Amino acid sequence: DAMTTIAMNTTAGSTDKLLWLTGTSVLRDVTLDGRRTERGWPGGYSWEQSCLARMIDGTLDVDRVTLTNSPGDGITILCNVTATLDDVTASNCFRSAVTITGGNTSVTINRLTGSWLQIEYDTPGTGGSNVIALTMNDSSLPEGVELEAWGAVTITNTDLGRRFWIEGRGGAPVRITDCTIGLSKSEADFGGAFTDPDQLTAFGCSIYYPRDIVFTRCTFTGRPGVGLELRPFALPVFSATGQSVIFDACRFVGTGGTAVYNYGDTIGAGRTNTVEFRNGCTFTGYDTGYELRPGCSGTLVGSLVAG
């Protein structure tokens with residue numbers, strides 16, 4: 001059967017949305033077309049607030065939906081939302097296939113094919129909640145992911161693209177299993193999709209505040225000289241202790257440089273923060289497997305070995 005198409009009016013402005021959703025909403029067997037070329041989109045981020053569907057305060061069920069030709073996001077999810085997305089394909093959505101920005105929100109995704117996904121918390125939900133929980137399975141995001149993880153994140157069997165960035169300061173568990181993860185640090189490597197090129201160049205592929213993060217059977221593949229960076233485990237304002245990131249049976253494949261570089265805590269921070277390699281983690285092509293920034297502290301358990 002032919003899929004129904006809902007298209008943006010060609011006179012729609014730079015911040016217009018095709019669908020504003022609230023309450024109980026269902027999108028099924030439909031194509032949403034932002035018609036960005038016909039609308040005169042100049043390219044770049046000047047129209048990034050225009051999206052195909054925006055959801056707030058309710059329940060969203062998306063099944064067998066195609067998202068195309070958006071100057072911003074395919075779907076933007078704000079606060080107080082419970083959403084399930086199954087069999088969604090996004091193409092030519094400039095900023096992201098799916099962006100999640102609001103607290104008190106839980107999103108489950110199965111079989112998403114798109115360029116990029118981001119959790120970018122900016123609005124609290126009911127009761128001041130900043131929790132955004134994400135479960136994602138069997139998906140492909142070739143440009144990468146940016147995950148500001150205030151809630152639990154579980155990702156399995158997914159291509160997480162060529163740039164990976166996660167901030168785990170919320171303290172909820174993050175579990176990433178059987179995924180492929182690309183590591184790039186330049187705008188040229190990344191293809192222009194990241195919203196802040198200066199931050200991309202400075203911070204590359206990073207894990208910030210890894211309160212409870214476990215990677216299992218994941219393969220990290222780096223561009224020449226690019227590895228995974230563990231950024232300061234906690235700034236003084238967070239006063240976090242007992243943080244950890246665990247790599248379980250993971251592989252790091254690169255060309256030169258260091259596979260995992262730990263920026264560490266300052267000496268005397270006393271935060272007992274730990275990096276652990278377990279069950280035969282290996283690196284290939286890098287000059288070194290693991291390094292701790294000189295003059296900083298951090299506990300290493302296990303080892304990342306050449307293999």
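Reader: Why does Asn104 count as partly exposed?

Author: Keep in mind that this is a predicted model. Asn104 has a relative accessibility of 37%. Buried would need under 20% and exposed over 50%, so Asn104 counts as partly exposed. Asn104 sits in the loop between β6 (96–102) and β7 (105–113).

Reader: What does Asn104 touch, leaving out residues up to four places away in sequence?

Author: Asn104 touches Asn80, Val81, Gly125, Thr126, Ser129 and Val131. Take Asn80: it is 24 residues from Asn104 along the chain, yet their C-alpha atoms are separated by 4.8 Å.

Reader: OK, on to the rings. How many aromatic pairs does the structure hold?

Author: Eleven aromatic pairs. One of them is Phe220 with Phe247, with 6.0 Å centre to centre and 75 degrees between the planes.

Reader: What makes Phe220 and Phe247 an edge-to-face pair?

Author: Two checks. Ring centres have to lie within 6.5 Å, and the planes have to be over 60 degrees apart. With 6.0 Å and 75 degrees, the pair passes both, so it is edge-to-face. The pair also links distant parts of the chain: Phe220 is in strand β17 (residues 219–222) and Phe247 in strand β19 (residues 244–248), 27 residues apart.

Reader: And why are Phe220 and Phe252 called stacked?

Author: Their ring centres are 4.5 Å apart and their planes are at 5 degrees. The stacked label needs planes under 30 degrees apart, so this pair is stacked. Phe252 belongs to strand β20 (residues 251–253) and Phe220 to β17, so the pair ties together parts 32 residues apart in sequence.

Reader: How do you know that Phe220 and Phe252 are buried?

Author: Phe220 has 0% relative accessibility, so it counts as buried. Phe252 is also at 0%, so it gets the buried label too. The cut-off is under 20%.

Reader: Which residues do ring pairs link into a cluster with Phe220?

Author: Phe164, Phe215, Phe247, Phe252, Phe277 and Tyr290 join Phe220 in that cluster.

Reader: What makes β17 and β20 paired strands?

Author: Pairing takes at least two bridges. β17 and β20 have three, in the parallel sense, so they pair. The bridge partner of Phe220 in β20 is Phe252.

Reader: Why are β14 and β28 said to stand at the edges of their sheet?

Author: The open sheet has five strands in the order β14-β17-β20-β24-β28, with parallel pairing. β14 (180–183) and β28 (305–306) each have a single partner strand, so one side of each is left without a neighbour in the sheet.

Methods:
Residues are numbered from 1 along each chain as its sequence is written. This is a predicted model: local features need pLDDT of at least 70, side-chain atom pairs count only at pLDDT 80 or more; totals for chains, interfaces and linings use all residues. Side-chain values use heavy atoms; hydrogens and water are left out. Helices (H or I, at least four residues) and strands (E, at least two) are DSSP runs, numbered from the N terminus. Buried means under 20% relative accessible area, exposed over 50%, partly exposed in between (1.4 Å probe, protein chains only). Contact means heavy atoms within 4.5 Å.
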